[in-house]
Amino acid sequence: GQPGPMAEETNEEAAQRLRKELGPQTRIVCISANREFRGPHSEALVKALATKLAAEVGPKAKFLTEGKAGVNETFAKHCGDGSRVWNLVPLGRSSDFGVGTDLYGGKGLFEREAIFYVL
């Protein structure tokens with residue numbers, strides 16, 4: 001379950017909490033994208049980028065998605081074994097990606113987005 005105090009925290013407090021959850025030495029690679037692929041090669045590019053980044057960045061890096069279906073989900077599913085993927089979702093929601101770990105921040109999409117950009 002999600003503790004009640006999370007619903008009352010500010011965006012900055014949520015970002016601080018999430019940074020602690022991810023670990024103080026962690027390098028956060030934020031994956032921000034539209035839900036839809038824009039060109040005929042976009043999906044293949046996202047898959048290749050996820051695979052290459054997972055293989056090339058150091059072990060201290062974790063990949064943070066916005067937990068949105070489409071580009072974020074494709075990235076998460078092709079980023080190594082998914083153990084370094086974290087999906088930021090609003091309280092009470094789930095990414096439903098089947099890979100990575102969901103982190104909770106914000107009561108709704110607007111707050112979640114603001115927290116994402118603070119991180």
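Leaving aside its neighbours within four places in sequence, which residues is T65 in contact with? Select T65 and display what surrounds it: the contacts are I31, N72, V85, W86, N87, L88, F97 and F116. Keep in mind as you look that this is a predicted model.

Next, select residues 42-56, which form helix α2. Its 15 residues reach 21 Å from the first C-alpha to the last, close to the 21 Å expected. Colour V46, A50 and A54, which are buried. Look down the axis of α2: the buried residues fall within an arc of 60°, so they line one face of the helix. On the other side of α2 you will find A44, L45, K52, A55 and E56, which are exposed. To see what covers the buried residues, show elements including β2 (61-65) and α3 (71-77).

Now for the largest nonpolar core: select I31, V46, A50, A54, F63, V71, F75, A76, C79, V85, F97 and V99, 12 residues in total. The elements giving two or more residues to this core are α2 and α3.

Zoom in on F63, whose contacts beyond four places in sequence include L53, A54, F75, C79 and V85.

For a last stop, pick A14, L64, W86 and L88, which are among the 11 residues of a second, separate core.

Conventions: Residues are numbered from 1 along each chain as its sequence is written. This is a predicted model: local features need pLDDT of at least 70, side-chain atom pairs count only at pLDDT 80 or more; totals for chains, interfaces and linings use all residues. Side-chain values use heavy atoms; hydrogens and water are left out. Helices (H or I, at least four residues) and strands (E, at least two) are DSSP runs, numbered from the N terminus. The expected span of a helix is 1.5 Å times one less than its number of residues. Buried means under 20% relative accessible area, exposed over 50%, partly exposed in between (1.4 Å probe, protein chains only). The arc is that of the directions from the helix axis to the C-beta atoms. Contact means heavy atoms within 4.5 Å. A nonpolar core is a set of buried Ala, Val, Leu, Ile, Met, Phe, Trp, Tyr and Cys residues joined through side-chain atoms within 4.5 Å.
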